[in-house]
Amino acid sequence: AAPPPPRAAAAVPANVRDAEYYWQHVDGEQRGPSTWPEFKAAHDADESNLDCLVYAAGVADEWKAVNDVPTLKDILTAPAAPPAPPPPPPPPKPTPPPPSEGKRKGSSSKKKKNKKQKK
């Protein structure tokens with residue numbers, strides 16, 4: 001059976017997931033429109049931070065620092081989900097028994113000798 005997919009660290013509400021983001025890059029430039037995954041990836045890559053401004057209709061209805069938008073701040077600062085544990089090792093394969101040391105039946109080391117007598 002396949003392992004279950006990793007769970008997200010924080011549930012992303014539909015309004016956050018579906019919004020179109022305009023945001024401030026750390027260099028001050030405006031970026032967007034971006035999807036939630038694009039904005040989240042930019043934040044995770046330190047292209048944006050909690051002091052940068054963001055606008056997303058239904059999430060931040062005016063330009064605000066991410067720090068001032070509780071929903072975004074909570075999601076963006078939530079700890080990452082711990083990595084999934086490694087799969088257990090496969091069970092050991094059974095070891096066949098060692099071959100028997102005794103002689104097998106039917107094998108004989110004796111050979112019949114034919115002695116021919118000379119006349």
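Student: At roughly what angle do the axes of H2 and H3 cross?
Tutor: This is a predicted model, in which local features need pLDDT of at least 70, side-chain atom pairs count only at pLDDT 80 or more, and totals for chains, interfaces and linings use all residues. Residues are numbered from 1 along each chain as its sequence is written, and side-chain values use heavy atoms, with hydrogens and water left out. Helices (H or I, at least four residues) and strands (E, at least two) are DSSP runs numbered from the N terminus, while axes are lines fitted to C-alpha atoms, for helices over the stretch in contact, with angles running from 0 to 180 degrees between N-to-C directions. The axes of H2 and H3 come within 11 Å, and they cross at roughly 60 degrees.

Student: Which word describes how H2 and H3 are set to each other?
Tutor: Angles under 35 degrees count as roughly parallel, over 145 as roughly antiparallel, 65 to 115 as roughly perpendicular, and the rest as oblique. The crossing angle here is roughly 60 degrees, and H2 and H3 are therefore oblique.

Student: Which residues of H3 make the contact with H2?
Tutor: Contact means that heavy atoms lie within 4.5 Å. On the side of H2, the contact is made by Trp-36, Phe-39, Lys-40 and His-43. From H3, the partners are Leu-72, Ile-75 and Leu-76.

Student: Is His-43 buried or exposed?
Tutor: His-43 is found in helix H2. Leaving aside neighbours within four places in sequence, His-43 is in contact with Ser-48, Asn-49, Leu-50 and Leu-76. Its relative accessible area is 10%, so His-43 is buried.

Student: What is the phi of Asp-46 near?
Tutor: Most residues other than glycine have a negative phi, and most peptide bonds are trans. Asp-46 lies in the loop between H2 and E3, and it is exposed, with a relative accessible area of 62%. In this residue, which is not a glycine, phi is positive, near 60 degrees.

Student: In what order do the four strands of the open sheet lie?
Tutor: Two strands pair if DSSP finds at least two bridges between them. The pairing in this sheet is antiparallel, and the order is E2-E1-E3-E4.

Student: Which residue of E4 is the bridge partner of Val-54?
Tutor: E3 and E4 run antiparallel and are joined by three bridges. Ala-56 stands opposite Ala-60 in E4. For Val-54, the bridge partner in E4 is Lys-64.

Student: Which residue takes a positive phi in the hairpin of E3 and E4?
Tutor: This hairpin has three residues between the strands. The positive phi, near 90 degrees, belongs to Gly-58.

Student: What is the omega of the peptide bond from Gly-32 to Pro-33 near?
Tutor: Pro-33 is found in strand E2. The peptide bond from Gly-32 to Pro-33 is cis, with omega near 5 degrees.

Student: What pattern does the protein chain follow along the sequence?
Tutor: The protein chain has three helices and four strands. Buried residues make up 18% of its 119 residues. Read along the sequence, the pattern is α-β-β-α-β-β-α.

Key. Buried means under 20% relative accessible area, exposed over 50%, partly exposed in between (1.4 Å probe, protein chains only).
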